[in-house]
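Hello,

Here is the structure we spoke about handing over. Please open it first, then read the notes below.

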Amino acid sequence: MHYFTQKNGQLFAEQVAIATLAQAIGTPFYCYSAATLRHSYRLFAKALQSLDATICYSVKANANLSVLTVLATEGAGADIVSEGELRRALAAGIAPEKIVFSGIGKTATEIIAALQADIAFFNVESAAELVLISQLAEQENKTARIAVRVNPDIDAGTHAKITTGKAETKFGIAWEDAEAIFAQAAALPNITACGLDIHIGSQITDLAPFRAAFDKTRALLIQLRKQGHKIDYLDLGGGLGVAYENAEQATEASHTPTPQDYAALIAEQFGDMGCHIFIEPGRVIAGHAGILVTSVIRTKKSKARNFIIVDAAMTELLRPALYGAYHHIAPINSPTKTDKGAELVWDIVGPVCETSDFLGLDRRLIEPQAGDLFAIFTAGAYGAVLGSDYNSRLRAPEIIVDGAQYALTRPRPTYDALLAQETIAHWLPKPTRKK
Ligand SMILES: *Cc1c(COP(=O)(O)O)cnc(C)c1O
């Protein structure tokens with residue numbers, strides 16, 4: 001469900017015409033809908049209301065400060081994976097006691113920053129990290145609350161590159177080592193081991209892997225408590241998927257479980273465990289809340305393929321190039337009956353010099369004109385955050401719409417700003433050509 005809708009043949013973000021935004025700031029750009037973010041967040045909040053639960057939005061899905069602030073205002077916590085994300089979460093007004101810190105490579109500097117901010121807890125992913133947190137907490141005169149991230153060795157049935165809960169991935173502590181690490185934590189100074197954490201992957205569109213992982217987690221929780229560990233927090237990670245096809249294309253098979261289905265499973269598995277539940281949804285909150293708007297540069301037809309070359313590329317939206325991911329793409333103006341030409345099959349590609357630089361393959365569309373606008377849907381998660389300036393392109397600006405108002409929350413940089421990030425090594429000749 002989202003608030004990007006056609007009105008009189010024109011795409012709107014809530015009450016703002018996309019064409020108006022394109023005219024104001026040029027393309028490509030990201031457009032987020034605050035109402036969609038609130039809607040997605042509230043679905044979770046409502047579904048979990050009978051449980052003692054905190055929703056820690058996974059900042060890495062979309063770290064835009066306005067997006068974070070909309071969610072902070074709803075009462076969201078944050079799941080962070082770096083000091084940069086900690087700073088963003090705090091800057092957006094997310095309460096430190098609702099921030100959890102995940103990731104296998106937390107550095108000493110990052111751990112100290114999180115200790116000083118007094119976050120809810122660290123999701124610890126190795127014995128070495130646990131020892132370091134203990135040392136740093138002692139040095140900072142703090143007690144670090146930690147949850148142990150265990151790897152349940154479950155195949156999430158998703159894309160291999162976003163599977164995290166299999167034993168051979170780099171994430172979490174091996175299931176068979178869980179008891180030993182809790183024992184180690186109990187003996188370390190300045191550590192309170194108060195939680196158990198899992199995260200099995202992303203874009204999971206079936207409840208079965210969650211059920212399998214929750215079954216194992218429940219058994220482990222009971223076992224650990226028997227051994228005297230006081231575990232009050234259960235962090236179940238994120239990973240719930242979204243439908244990337246548009247509604248008409250969606251089939252029975254592409255039906256993704258709803259937050260209600262997911263919450264019912266959590267209640268069934270853990271409702272009687274007396275734990276405070278944390279979940280870390282990212283994609284399912286931000287995914288539908290963003291589109292990428294691009295315009296056609298030109299078309300190019302060859303014997304083998306037809307191409308629509310647009311001004312967005314893998315530098316704006318990497319998912320197709322990285323995962324072969326599908327995004328629904330549609331013109332901003334739905335063609336009227338009179339100008340409806342014959343449809344052809346097109347690959348929608350960007351200008352970047354990589355064959356993997358495509359946004360959509362084999363799309364049936366009427367031949368567009370240069371300057372025509374297209375929207376790439378469900379680009380709110382893992383879109384702008386994965387952007388780069390490869391090919392010395394300027395990163396796409398980000399706009400947020402809320403009802404009838406909109407704001408440019410991240411402007412397009414200038415070429416001067418792009419070049420000013422670097423200096424020429426001092427021993428090299430000074431460029432003589434005037435700018
Ligand atoms: C990426 C990530 C999430 C969010 O995953 P989604 O699929 O976007 O819900 C949650 N927790 C951890 C530890 C992550 O790495």
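Start at the strands. Q6 stands opposite L11, a residue of β2. Strand β2 covers residues 10-13, and 4 bridges join β1 to it. These two strands run antiparallel.

They belong to an open sheet of 3 strands. The order is β1-β2-β3, and the pairing is antiparallel. Which strands form the edges? They are β1 (4-7) and β3 (16-17), each pairing on one side only.

A word of caution: this is a predicted model.

Now the ligand. How many residues surround it? The count is 14, and the closest are K60, S202, E280, R283 and Y382. By type, the shell divides into 2 nonpolar, 7 polar and 5 charged residues.

- K60: a polar atom of its side chain lies 2.7 Å from an oxygen atom of the ligand.
- D79: an N or O atom in its side chain is 3.1 Å from a nitrogen atom of the ligand.
- G239: here the backbone takes part, with an N or O atom 2.9 Å from an oxygen atom of the ligand.

As for the site, the ligand takes up the space of the second largest pocket.

For a quick look, begin with K60, one of the closest residues to the ligand. Finish at the backbone of G239.

Best wishes

Definitions and conventions:
Residues are numbered from 1 along each chain as its sequence is written. This is a predicted model: local features need pLDDT of at least 70, side-chain atom pairs count only at pLDDT 80 or more; totals for chains, interfaces and linings use all residues. Side-chain values use heavy atoms; hydrogens and water are left out. A residue is near a molecule or strand if one of its heavy atoms lies within 4 Å of it. A polar contact is a pair of N or O atoms within 3.5 Å; within protein, one must be able to donate a hydrogen and the other to accept it, and residues adjacent in sequence count only if both atoms are side-chain atoms. On a 1 Å grid over the protein atoms alone, a cavity is a set of points where a 1.4 Å probe fits but cannot get out, and a pocket is an open set with protein on both sides within 12 Å along at least five of seven lines; lining residues have an atom within 4 Å of a point. A molecule sits in a cavity or pocket if more than half of its atoms lie within 2 Å of its grid points. Ala, Val, Leu, Ile, Met, Phe, Trp, Tyr, Cys and Pro count as nonpolar, Asp, Glu, Lys and Arg as charged, and the others, Gly among them, as polar. Two strands pair if DSSP finds at least two bridges between them. Helices (H or I, at least four residues) and strands (E, at least two) are DSSP runs, numbered from the N terminus.
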